[in-house]
Amino acid sequence: MKNYNLKLTIIIGLLAANTALAIDPVKEASDFDVNSIREIENEIEIDLGFDTADYLPENFDPYAYPTNVEGINFIDPKDDFEVDFDTKKYLPEGFDPYKRNR
């Protein structure tokens, strides 16, 4: 029985050593070319139920940079916004919008 276990251990050890030595990471890394990877792009088409071109200006290019920066509409955070009614009636007592509730 000891002789059988010894032979089996030697065979398993040789197989493990053969497997470990069969892989040459330096050679495999040098053989790999990143440019050989083919990328498949699936273009997703979404049907909104209407033609979006009807709602865009002529010659619209979403990737074009704006030529006139002053023509961009934005909300200025310094603009004062006045509400024409008393908001305190609709808020709880002691309400502080800057206080974080947990």
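Predicted model: local features only at pLDDT ≥ 70, side-chain atom pairs only at ≥ 80, totals over all residues.

A: The structure holds two aromatic pairs. Take Phe50 and Tyr55 to begin with: their ring centres are 5.6 Å apart and the planes stand at 90°, an edge-to-face pair. Then there's Phe85 with Tyr90, where the centres sit 5.8 Å from each other; the planes make an angle of 85°, and since anything over 60 counts as edge-to-face, this pair gets that label too. If you wonder about those two numbers, a pair of aromatic rings is described by the distance of the centres and the angle of the planes.

Now, how open are these rings? Phe50 has 46% relative accessibility, so it counts as partly exposed, while Tyr55 comes out as exposed at 64%. Over in the other pair, Phe85 is partly exposed with 47%, and Tyr90 is exposed with 61%.

The accessible surface comes to about 11,800 Å², and carbon and sulfur atoms account for 55% of that. As for secondary structure, you'll find two helices and zero strands.

Elsewhere on the surface, Glu39, Glu41, Glu43 and Glu45 gather in a patch of negative charge. Glu39 itself lies in the segment after helix H2 (25-31) and is exposed, at 67% relative accessible area.

Definitions and conventions
Residues numbered from 1 in each chain as written. Heavy atoms only, no water. Patch = residues over 30% accessible without salt bridge, like charges linked within 9 Å, V, L, I, M, F, W, Y side chains within 5 Å. Areas by Shrake-Rupley, 256 points an atom, 1.4 Å probe, with all protein chains shown as cover. Salt bridge = Lys/Arg side-chain N within 4 Å of Asp/Glu carboxyl O. Lys, Arg positive; Asp, Glu negative; His and termini not counted. Charge placed at Lys NZ, Arg CZ, Asp CG, Glu CD. Helix = DSSP H or I, 4+ residues; strand = E, 2+ residues; numbered from the N terminus. Buried < 20%, exposed > 50% of the residue type's maximum accessible area, 1.4 Å probe, protein only. Phe/Tyr/Trp six-rings, centres within 6.5 Å; stacked < 30°, edge-to-face > 60°.
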